Amino acid sequence: MSGMRSTVNRVLLALAGLVLIAVGGAVLAVGLGASLPSWWPWDGKGDVLLSAADRGRWRDEGWWWPTVIAVLAVLVVLALWWLLAQLRRGRLAEVLVDSGDGEGAQVRGRALEGVLADEAGQVSGVARAQAALTGRRTAPQARIRLLMEPHASPEQALNAVADGALAHARESAGLDELPAEVRLRAVKHRAERVS
């Protein structure tokens, strides 16, 4: 999700920046006395964004204020959604482990991800493995990506990861369950010649 989030952030910031630069540059150019195309709405230093006639034109229409309020409400909701998306972490920083003494212990999320990836990477037929923990610290979820060798059996590799790496991580963290999403992808390789 973080890759998607950073892409959306970059696109939105780039669009907002381009709009602000274009409008600000045009207004600055008009203020400095440069000539702009005839379709440009402001053409002098004394111009205002909305004239008195423009401000009064829509007031008496029944749809005007509900539309303005609805558009502003949608913009506020989108801005809040974007803000909350920035604050939400994509990965777990720590996992809470029941130590049996009522206190509990914390395991670094990156450490558990590293162990999961290392053990999943040792499975026969797996060229490389990546792991990420999401969810809550008391109920983590695992996302594992496996890069498979050309002649590997996906079913055997998936069963080996479920019975090995995931089971060991669940037991060592003292979790009742560790839901996981495992994605398999094949290594790109050249076609083999048959003679």
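**Figure 1. Glu-177, an exposed residue in a loop.** With a relative accessibility of 57%, Glu-177 counts as exposed in this predicted model, because a residue is called exposed when its relative accessible area is over 50%. Glu-177 sits in the loop that runs between helix H5 and strand S5, the strand formed by residues 180-186.

**Figure 2. The chain as a whole.** The chain contains five helices and five strands, and when it is read along the sequence these elements follow the pattern α-α-α-β-β-α-β-β-α-β. The C-alpha trace spans about 75 × 65 × 35 Å along its principal axes. The radius of gyration of the chain is 28 Å, whereas a compact globule of 195 residues would have a value near 16 Å. Of the 195 residues in the chain, 21% are buried.

**Figure 3. The surface and the charges of the chain.** The chain exposes about 14,500 Å², and carbon and sulfur atoms supply 59% of this area. Its side chains include 22 that are positive and 20 that are negative, and the centres of these two sets lie 9 Å apart.

**Figure 4. The largest nonpolar core.** This core has 24 residues, and those with the most contacts inside it are Leu-116, Val-126, Leu-133, Ile-144, Leu-146, Val-161 and Leu-166. Two or more residues of the core are given by each of strand S1 (94-97), helix H4, strand S3 (126-135), strand S4 (140-148) and helix H5 (154-173). Helix H5 gives the largest share, which is six residues. When neighbours within four places in sequence are left aside, Leu-166 is in contact with Leu-116, Ala-142, Ile-144, Val-161, Leu-178 and Ala-180.

**Figure 5. Leu-146, a buried residue of strand S4.** Leu-146 has its place in strand S4, and it is buried, with a relative accessible area of 2%. If residues up to four places away in sequence are not counted, Leu-146 touches Ala-120, Val-126, Arg-128, Ala-129, Val-161, Val-182, Arg-183, Leu-184 and Arg-185. Arg-59 is 87 residues from Leu-146 in sequence, and the two are 61 Å apart in space, taken from C-alpha to C-alpha.

**Figure 6. Thr-134, a buried residue of strand S3.** Thr-134 lies in strand S3 and counts as buried, since its relative accessibility is 14% and the cut-off for a buried residue is under 20%. Without counting residues up to four places away in sequence, Thr-134 touches Gly-90, Leu-92, Ala-139, Pro-140, Gln-141 and Arg-143.

**Figure 7. Glu-113, a buried residue of helix H4.** Glu-113 is found in helix H4, which covers residues 109-121, and it is buried, with a relative accessible area of 3%. Leaving aside neighbours within four places in sequence, the residues in contact with Glu-113 are Arg-91, Ala-131, Ala-132 and Leu-133.

Methods. Residues numbered from 1 in each chain as written. Predicted model: local features only at pLDDT ≥ 70, side-chain atom pairs only at ≥ 80, totals over all residues. Heavy atoms only, no water. Helix = DSSP H or I, 4+ residues; strand = E, 2+ residues; numbered from the N terminus. Buried < 20%, exposed > 50% of the residue type's maximum accessible area, 1.4 Å probe, protein only. Contact = heavy atoms within 4.5 Å. Rg over C-alpha atoms; globule rule 2.2 N^0.38 Å. Areas by Shrake-Rupley, 256 points an atom, 1.4 Å probe, with all protein chains shown as cover. Lys, Arg positive; Asp, Glu negative; His and termini not counted. Charge placed at Lys NZ, Arg CZ, Asp CG, Glu CD. Core = buried A, V, L, I, M, F, W, Y, C linked by side-chain atoms within 4.5 Å.
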